[in-house]
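Subject: Handover of a structure and the findings from it

Dear colleague,

Please find below the structure that I am handing over to you.

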Amino acid sequence: MSRQRTIEKIMDSEYVTIGELVRLANTRYSTLKFYTEEGMLPFEQADTNLTRRYKRVEALCRIEEIRAMRQSGKTIPEIKEILNSHK
Amino acid sequence: MDLTLAERFALISFNSKESEHREVAKQNVLKILAVAVYLEENYNGTADKWNFNEKDIKVAIKKANKKALERTYAERLQNYQLISRVSSLLGCDLYFDKNIKLKTYVSNPKEFDCQLDLLKAEFLEEGPISDESIIMVWLLLESLCFFQVFSLYEQDKITKRITTLRNESTLAKALYPIELRSLWGTVSADFLRMKSHAAATETGKGLNFIFPFFERKQSIFIDTEGYFPNAEMRLKNVLDRISAQGHIYEVLRSGDVPIVKIDNVKYELLPEAIGGYVPIHGVRLRLYNL
């Protein structure tokens with residue numbers, strides 16, 4: 001098991017793990033897992049057995065975008081539809 | 001996968017319920033499944049409105065053929081490959097016959113988690129909640145599954161959200177005051193809530209451990225048929241036994257007392273030895289839902 005990276009190191013990285021994204025975005029693990037599974041949060045995975053990794057800046061922007069839409073009164077299924085239509 | 005409200009409810013609530021026999025918990029689930037079907041049938045898609053009233057809901061419960069309902073939804077989910085039947089975990093218990101005929105439903109772990117993660121993402125984060133999620137949480141509460149699928153922390157947060165929703169959402173305002181539980185069901189719900197809180201304390205944890213016979217299903221003992229020098233080998237032996245019986249598992253935390261998710265239910269695996277003519281070494285599976 002690898003040691004947890006410091007927040008400074010995470011902030012310098014291009015790619016982050018879901019756990020690190022939870023710390024950066026101050027959100028719940030289950031929420032990000034759900035966004036990922038539903039295709040709302042883009043990730044990269046070299047192999048199906050390897051850990052998913054997220055582009056830090058891109059992922060944080062997407063989380064903020066979702067958060068803003070939630071605050072403007074949109075439900076998650078509605079947001080999913082909007083994000084899918086942009087693809 | 002796009003599932004209907006009733007299919008989503010069946011997927012969550014059928015998990016770990018006995019498939020061949022009648023049990024009180026399953027009967028309760030089937031009663032609420034009939035309500036989910038009724039709500040679905042009375043949904044007006046054009047106006048995006050759920051039409052219901054307490055009297056009609058109760059009539060729908062009475063009219064429903066629960067056995068047929070179970071067969072229909074189990075078969076449908078089986079066709080989608082979202083549910084399967086495996087031997088009950090009790091079959092791994094030292095005190096039960098290995099050829100035990102008890103079978104339980106196991107939902108597809110990925111879809112099961114996805115359905116619950118949606119509810120958590122909506123109820124535990126800021127923002128509006130979709131109508132289907134408002135209904136789903138109510139169905140889970142009325143069927144008492146709510147206390148099995150959410151952790152204590154999540155239960156508290158969702159309950160607080162439910163209280164605010166009663167003022168904010170017209171659907172919640174109309175639906176949440178409807179109570180379908182019998183007096184026995186209400187007592188059970190209160191008992192489950194109390195038990196969850198009590199079990200979260202150190203004393204509660206200990207009591208459940210000392211008196212496993214209170215609820216054998218929540219305290220299964222698996223003998224390891226050997227004494228292992230380290231925790232890893234002991235865990236491997238137990239997991240091999242579990243997977244040989246067709247159960248799906250995922251190790252969430254390793255160590256001396258690992259946490260393993262078996263058939264979508266989290267357990268702590270506590271090493272234990274039972275006294276007899278010779279000590280029998282093994283692990284006790286204790287429900288982990290804190």
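Chain A exposes about 5,600 Å², and carbon and sulfur atoms supply 50% of that area. Accessible areas here come from the Shrake-Rupley method with a 1.4 Å probe, and for residues only the protein chains shown count as cover.

Before the details, some conventions. This is a predicted model, in which local features need pLDDT of at least 70 and side-chain atom pairs count only at pLDDT 80 or more, whereas totals for chains, interfaces and linings use all residues. Residues are numbered from 1 along each chain as its sequence is written, chains are lettered from A and ligands numbered from 1 in the order in which they are written, and side-chain values use heavy atoms, with hydrogens and water left out.

Chain A

Chain A contains five helices and two strands. Helices (H or I, at least four residues) and strands (E, at least two) are DSSP runs, numbered from the N terminus. Read from the N terminus, the order of elements in chain A is α-β-α-α-β-α-α.

The C-alpha trace of chain A spans about 40 × 25 × 20 Å along its principal axes.

Of the 87 residues in chain A, 36% are buried. Buried means under 20% relative accessible area, exposed means over 50%, and partly exposed lies in between (1.4 Å probe, protein chains only). Among the contacts in chain A with a separation of 6 or more, 41% involve residues 24 or more positions apart; contact means heavy atoms within 4.5 Å.

As for charge, chain A carries 16 positive and 13 negative side chains, and the centres of the two sets lie 4 Å apart. Lys and Arg count as positive and Asp and Glu as negative, while His and the chain ends are not counted. The place of a charge is taken as NZ of Lys, CZ of Arg, CG of Asp or CD of Glu.

Chain B

Chain B has twelve helices and nine strands. Buried residues form 50% of its 290 residues, and its accessible surface is about 14,500 Å², with 54% belonging to carbon and sulfur atoms. In chain B, residues 24 or more positions apart make up 62% of the contacts with a separation of 6 or more.

The domain assignment divides chain B into domain 1 (5-176) and domain 2 (218-287); such bounds come from an automatic or database domain assignment. The centres of domain 1 and domain 2 of chain B, taken over C-alpha atoms, are 29 Å apart. Across the two, 18 residues of domain 1 of chain B are in contact with 21 residues of domain 2 of chain B.

Two backbone positions in chain B deserve a look. Most residues other than glycine have a negative phi. B:Ser16, although not a glycine, has a positive phi of about 70 degrees. B:Ser16 sits in the loop between α1 (5-14) and α2 (24-41) of chain B and is partly exposed, at 31% relative accessibility. B:Asn264 also is not a glycine and has a positive phi of about 70 degrees. The loop between β7 (259-262) and β8 (265-274) of chain B holds B:Asn264, which is buried with a relative accessible area of 12%.

Individual residues of chain A

Which residues of chain B does A:Ser30 contact, leaving aside its neighbours within four places in sequence? The partners are B:Asp117 and B:Lys120. A:Ser30 belongs to helix α3 (residues 29-37) of chain A and counts as buried because its relative accessible area is 9%.

A:Pro77, in helix α5 (residues 76-86) of chain A, is in contact with B:Glu122 and B:Ser130, again leaving aside neighbours within four places in sequence. A:Pro77 is partly exposed, with a relative accessible area of 40%. The C-alpha atoms of A:Pro77 and A:Asp47 are separated by 29 Å, and the two residues are 30 residues apart along the chain.

A:Arg23 lies in helix α2 (residues 18-25) of chain A and is partly exposed at 36% relative accessible area. Not counting residues up to four places away in sequence, A:Arg23 touches A:Gln4, A:Arg5, A:Ile7 and A:Ile10.
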